[in-house]
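This report describes selected features of one protein model. Please examine the sequence and structure shown below before reading on.

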Amino acid sequence: MSSSDAMLRVALPVPLARLFDYRAPDGFATADVPIGARVRVPFGARELIGVVVGSGPGEDGARETKPALAVLDGAPLLHGELLESLRWLARYAHAPLGEVLATALPAALRQGAPVPETDVAMWRVVEGAATEKLRRDALPHRLADLLASRARSEDELDEALPGWRTAARTLATRGMAESYRAAPERIASAGVPGPALNDEQRAAVDAIAAQDGFGAVLLEGVTGSGKTEVYLHAIADCLARDRQALVLVPEIGLTPQTLARFRARLGIEVHALHSGLTDAARARVWAAAARGEARVIVGTRSAIFTPLPDAGLIVIDEEHDGSYKQQDGIRYHARDFALVRGKALAVPVVLGSATPSLESLHNAQTGRYTHVRLSQRAGDAKPPTVRVLDVRKRPLDAGLSADLLAKLRATVDAGGQALVFRNRRGYAPVLLCHDCGWSAACKRCSTPDHPHPMTVHAGGRRLQCHHCGARQPAPMACPDCGGLALQPQGVGTERLEERLIELFPDVPVLRVDRGSTRRRDALESLLGELGDRAGILVGTQMLAKGHDLPNLTLVAVVGIDEGLFSADFRAGEKLAQLLIQVAGRAGRARRAGEVWLQTHHPSHPLLQVLISGGYRAFAEQELVEREAAGFPPFAHLALLRAEAKSAEPPAAFLSLAKQIFDAANIPGVEVHGPLPAPMPRRAGFQRAQLLVSAPQRRALHAALDAGLPALRDAPEGRRLRWSVDVDPVDLY
Ligand SMILES: Nc1ncnc2c1ncn2[C@@H]1O[C@H](COP(=O)(O)OP(=O)(O)OP(=O)(O)O)[C@@H](O)[C@H]1O
Ligand SMILES: [Zn+2]
């Protein structure tokens with residue numbers, strides 16, 4: 001075959017489960033275009049950026065093939081393990097390869113930008129500079145001090161010394177310091193030593209080191225047990241073998257503090273990847289990793305798509321965290337994809353958590369993962385005592401019982417800090433008319449049978465829907481009866497804050513939720529301001545993770561009762577994880593911690609088992625129930641979601657889907673539905689779903705492979721939005 005009939009097979013970011021053939025651009029031979037390079041191609045009236053994933057005789061048959069317009073990369077951008085793993089992901093998620101590749105690439109590269117240069121701006125002191133002449137402790141002096149031990153990148157200086165730029169200019173004009181560009185540091189300088197590992201931590205580090213090639217290690221360590229220390233040692237080992245380490249953390253866990261701790265301890269540049277970066281900055285980190293220059297990458301969910309040519313280790317911190325699952329577009333799970341990549345790269349994958357997902361626990365119990373435990377808190381810290389506070393028939397003040405208020409008072413009077421945890425932001429969950437019973441519901445998310453309340457914000461002045469984001473001023477009078485008896489019902493974090501400020505005027509009361517900490521570093525500066533002073537924190541699950549507050553001795557959990565009776569099969573697991581993580585904030589240093597769960601259901605089995613046996617006991621029991629009910633991890637699920645402005649198209653489409661899956665007749669596969677979604681209307685769309693389950697993954701995928709092509713071609717699918725979610729975390 002002459003090279004002129006060979007076509008480029010291009011994956012394009014379009015929702016069609018196929019590849020597209022193009023001829024090489026004029027002046028190029030097909031063989032000149034590397035597999036894995038990006039090309040710009042005509043597509044209908046548009047131009048798209050795609051990735052060449054193969055070449056060969058044309059498959060588009062009679063269709064006239066056009067030439068690509070341009071080749072954007074001289075060398076493959078996606079290749080080797082990463083490209084193969086992404087092919088696997090496309091098959092597993094039953095998603096078009098082009099969309100998967102587009103999801104995996106940083107936005108700038110997806111849009112066709114050139115792969116960025118990765119040298120960094122550095123500062124160093126000029127040899128022989130008389131920096132001792134600088135005024136002691138003034139910024140220029142502190143900067144010169146920092147640079148005296150070694151040159152530092154501008155990123156590093158941003159973290160280490162706020163305001164350094166002015167100081168750098170001063171030093172530069174006096175000829176004492178200079179900036180230059182260089183490839184990022186590869187060689188680790190001696191990091192700051194950490195605490196000596198205890199026996200359990202040592203055993204965990206050894207277990208990771210003992211993995212030969214790929215191996216999954218579940219590091220189950222109680223809160224405050226020093227899991228991060230274990231990661232740091234494993235990463236240092238990995239760097240010593242001249243390999244790259246990738247660390248995933250939940251969005252909330254990626255704080256400047258975490259990064260500073262990693263940098264200081266490892267003595268090497270740590271590259272962060274998170275949603276707060278510009279597109280250009282993300283692309284730079286991606287390119288630095290692809291060139292092997294970035295040796296330690298710490299990022300949130302999508303960092304799992306980082307190229308790792310010299311991979312040595314992948315760590316997933318808080319592996320149970322829900323933020324690892326992408327909920328729209330390509331619905332991948334970063335933890336699960338990490339295991340796929342770890343296997344392909346032949347490197348260990350460490351999954352760390354105080355409250356492992358039932359999936360991971362099950363894999364550990366069946367021997368697929370190595371299971372190591374940290375059963376004690378590190379250092380001198382003791383585990384907190386956890387107790388239930390029965391508030392039946394007790395008067396409540398803004399949702400707080402007199403007993404709880406007394407404990408708060410005692411804590412702050414003793415100079416300690418208390419955390420009041422309420423997982424509802426806003427002022428109150430409902431606005432009710434006391435005269436006629438009307439309540440404010442979201443017009444776009446409610447149906448006659450399922451009114452969806454709007455949350456009261458801004459002390460009662462504004463209404464907001466937490467599902468579709470709709471906002472409006474709160475009405476002055478009831479829209480139904482005209483009465484003036486509108487009352488916020490229930491308690492959110494804003495209202496708690498308001499009341500606690502009244503009750504505790506003598507100490508700072510700080511609210512921590514998505515409303516109060518919109519900026520990335522806002523939480524850090526809030527907590528920094530508080531320091532070790534006596535005070536009260538009010539917050540949502542933002543406070544449940546990864547924050548070390550040494551002086552926090554009391555955790556009061558209020559308003560969990562609604563969570564005890566949710567229909568979602570994962571609700572119990574999520575609530576147990578949340579409670580243990582929140583409780584884990586208490587007493588992490590020398591002073592012992594106390595946790596009180598205020599409830600109207602003191603004998604609820606979930607609370608009972610958590611209190612008497614901890615997360616482990618809960619998990620054992622829950623696994624037995626999941627097995628009996630045929631839910632994950634004992635079954636594998638795929639959820640088809642469909643939505644349209646009216647209810648009929650989703651129902652018709654999903655009924656067709658059911659027929660098609662039933663007709664495929666794969667043994668073990670069960671199809672449930674169509675059913676209205678738990679939230680049957682959202683942002684004006686009527687929503688329905690179909691659940692496909694099978695005891696074996698293979699059967700589930702066989703059913704999807706058999707059914708989805710016909711569904712993609714079905715005219716019923718054109719009048720609505722639909723998606724398939726393999727291993728759904730949320731049945732929403
Ligand atoms: N071997 C050790 N000796 C003394 N202190 C230690 C040791 N290991 C860790 N620590 C300290 O204990 C505290 C908790 O450690 P770390 O943050 O690593 O725990 P963790 O298990 O990741 O916590 P969590 O998951 O609850 O956020 C830190 O202040 C850390 O410096
Ligand atoms: Zn809404």
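Which residues of helix 15 (residues 522-530) are buried? They are Leu523, Leu527 and Leu530.

## Basis of the model

This is a predicted model, in which local features need pLDDT of at least 70 and side-chain atom pairs count only at pLDDT 80 or more, while totals for chains, interfaces and linings use all residues. Residues are numbered from 1 along each chain as its sequence is written, and chains are lettered from A and ligands numbered from 1 in the order in which they are written.

## Helix 15

The three buried leucines, Leu523, Leu527 and Leu530, cover an arc of only 50° around the axis and therefore lie on the same side of helix 15. The arc refers to the directions from the helix axis to the C-beta atoms. A residue is buried if 20 or more other C-beta atoms, placed from the backbone, lie within 10 Å of its own, exposed if 12 or fewer do, and partly exposed in between. Helices (H or I, at least four residues) and strands (E, at least two) are DSSP runs, numbered from the N terminus.

On the face turned away from the buried side, helix 15 carries the exposed residues Ala522, Ser525, Gly528 and Glu529. The cover over the buried residues includes strand 25 (509-512) and strand 26 (535-539). Glycine 531, which follows helix 15, has a positive phi, near 60°.

## Surroundings of ligand 1

Ligand 1 is surrounded by 19 residues (C-beta atom, placed from the backbone, within 6 Å). The closest are Thr223, Gly226, Thr228, Ala378 and Gly379. Helix 8 (residues 227-240) supplies the largest share of this shell, 3 residues. At least three residues of the shell come from each of domain 3 (199-374) and domain 4 (385-425 + 492-628), with bounds taken from an automatic or database domain assignment.

## The annotated cysteines

An unreviewed UniProt entry lists Cys433, Cys436, Cys478 and Cys481 under "binding site"; such annotations may be inferred rather than shown by experiment.

Cysteine 436 occupies the loop between strand 20 (430-433) and strand 21 (455-457), and cysteine 481 the loop between strand 23 (471-473) and strand 24 (486-489). Leaving aside neighbours within four places in sequence, cysteine 436 is in contact (C-beta atoms, placed from the backbone, within 7 Å) with Cys478, Asp480, Cys481 and Gly483. Cysteine 436 is partly exposed, with 13 other C-beta atoms within 10 Å.

Technical notes:
Two residues are in contact if their C-beta atoms, placed from the backbone, lie within 7 Å.
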